[in-house]
Amino acid sequence: MAQPRIPRLYLIPVLCKALDILDLLEREKSRVPLEEIFQRVQIPKTTVYRILKTLVHRGYLAQSPDGRYHAISRSRKIRFGFASQSAAMPFSEEVTTSLQLAATHNGVDLQILDNQYSADVALENAKKFVASNVDLVIEFQIDDRVAPRIGHTITSAGIPLIALGIPHPYAVYFGVDNFQVGFDAGDYLAQYAIEKWKGKVDYVVGLEITEAGSFVQSRVAGAFDGVRRRLPSFPEEGFVRLECSGIRQRSYSVMEKFLNGHKGAKVLVAAANDTVALGALRAVRELKLEKFVAIVGQDCIPEALEEMRANRGGLVGSVSHETDTYGPRLIQLGLSMLRGNAVPPYNFVGHQVVTPASLK
C-alpha cells in the first residue's frame, strides 16, 4: 500500500523567525527591550538583533531612545504629535504650515495641539500625546521651567521627542543657533550705527524672554557681542536688558518707558523675536523717534517683512530662520529617529539677516 504523500513545505527559516518577532511585538501594547524579545522567541541574540534592525529600517518596527521596540501598525500611517507654540503667533503658524505640508508629502499623520503660549497647557498636551500613543512628539514651547516635566512625561512613555526652539531634557534639539543669530543681529545693528550715525550710540537694548531660559537668552548675549565686535570702545554700562516675556504689549510698554526716560539718545535694539520688535516699533513710532532708534528682530514674520518693505524707519532688519525648511527637516529627522538611526543631539537650521535693502 502506497504511503500518503506528505506536502513539502517551502519555508525560509530566517523569515519565519522575523515573523515570530513581528507577531510578538504586534501583540504587545508596550515597548519591549531586546533582552525580553530574545528570551521569548528563543532565537540567537545576534539574529534577533539583526532582524530587529532590519524591521526598523523597513518601517515595520520603531525603536525608542531607551532601546525598546514596538510595532508600527501597517494599517495606519506613522503618527507624529506636534505641539505648536501658539496659533496666535505668526512664526508658530509658519512652522505649523511647513510641517503640515511635509507630513502630507511623506505620508505621516500629524496630530496638532495648540500650547496657547502657556506652560500649563503645554504639559497637558504632552499628556494627551501619551494617551494617544503617537509614535513621536515635536514640542514647541519656550518656558524653560516646564521643559523637564514635558520631557519626562513624553519620553518615560517610550515616545521619542524633538524639542523645537529650546532644549528639553531627553529630547533632540531642532532650531537655530541662538547665540549666532543674536550675534549676527548685533553685528548688523553696529554696522547700521556706523553707516547712519557715524558710530555714535548711547544705548544698546536687548529685549529678553527670561522664561525661555539661557538658551534663548543667548540671542541677546550674542547681539551684545556682535555690537562689541564693531564698536569695541562702547561702554559696558550702555548695554541694557529689558524683560518683555515675548509679548508685544509688554515690549511696547517697557520700550516706551525707556525711551521717555532717555529722550534724544541714539538706541540700538536687539529683539528676541519679531513680535517684541514690533511692540518696540510701536513705541518708537508714537514718540516719532525713527531717526534715533534702530531695531533688529528675529524670525522674519510677514508683518515685519511688510514694515521693512515700507522702509519707514525704526525696524532696520530681522533674522530669517528659514521656516520653510523646518517641515521637511523635522519629518525626516523624526523618521530617522524611529528607524533607530543615530542623530545629532543638536540640529541647527540656517539663517540670514534680512534688511529693507535686501527686500527691494
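**View 1. Helix α4 (residues 90-105) packs against helix α12 (residues 326-338) at an angle of about 55°, with the two axes 7 Å apart.** That angle makes α4 oblique to α12, where angles under 35 degrees count as roughly parallel, over 145 as roughly antiparallel, 65 to 115 as roughly perpendicular and the rest as oblique. Axes are lines fitted to C-alpha atoms, for helices over the stretch in contact, and angles run from 0 to 180 degrees between N-to-C directions; helices (H or I, at least four residues) and strands (E, at least two) are DSSP runs numbered from the N terminus. This is a predicted model, in which local features need pLDDT of at least 70 and side-chain atom pairs count only at pLDDT 80 or more, while totals for chains, interfaces and linings use all residues. Residues are numbered from 1 along each chain as its sequence is written, and side-chain values use heavy atoms, with hydrogens and water left out.

**View 2. The contact of α4 with α12 brings Phe 91, Val 95, Ser 98, Leu 99, Ala 102 and Ala 103 of α4 to Tyr 326, Gly 327, Pro 328, Leu 330 and Ile 331 of α12.** Contact means heavy atoms within 4.5 Å. By class, this contact has nine nonpolar, two polar and no charged residues, where Ala, Val, Leu, Ile, Met, Phe, Trp, Tyr, Cys and Pro count as nonpolar, Asp, Glu, Lys and Arg as charged, and the others, Gly among them, as polar.

**View 3. Helix α12 is largely enclosed by the rest of the structure, because ten of its 13 residues are buried.** Buried means under 20% relative accessible area, exposed over 50% and partly exposed in between (1.4 Å probe, protein chains only). Among the buried residues of α12 are Tyr 326, Leu 330, Ile 331, Leu 335 and Leu 338. At 1.5 Å a residue, the 13 residues of α12 should span 18 Å, and the end C-alpha atoms of α12 are 18 Å apart, which agrees; the expected span is 1.5 Å times one less than the number of residues. Just after α12, Gly 340 takes a positive phi of about 85°.

**View 4. Val 108 lies in the loop between α4 and β4 (109-114).** Val 108 is buried, with a relative accessible area of 5%. Not counting residues up to four places away in sequence, Val 108 touches Lys 77, Ile 78, Phe 80, Ala 103, Ile 331 and Leu 335. Val 108 and Lys 77 are 31 residues apart in sequence, yet 5.7 Å apart in space, C-alpha to C-alpha.

**View 5. Helix α9 (residues 248-261) and helix α10 (residues 274-286) pack at an angle of about 40°, with their axes 7 Å apart.** The two helices, α9 and α10, are therefore oblique to each other. The residues of this contact divide into eight nonpolar, four polar and four charged.

**View 6. Val 240 lies in strand β9 (residues 239-243).** At 18% relative accessibility, Val 240 counts as buried. Leaving aside its neighbours within four places in sequence, Val 240 is in contact with Tyr 203, Val 204, Val 205, Gly 206, Phe 224 and Phe 258. The C-alpha atoms of Val 240 and Gln 100, 140 residues apart along the chain, are separated by 39 Å.
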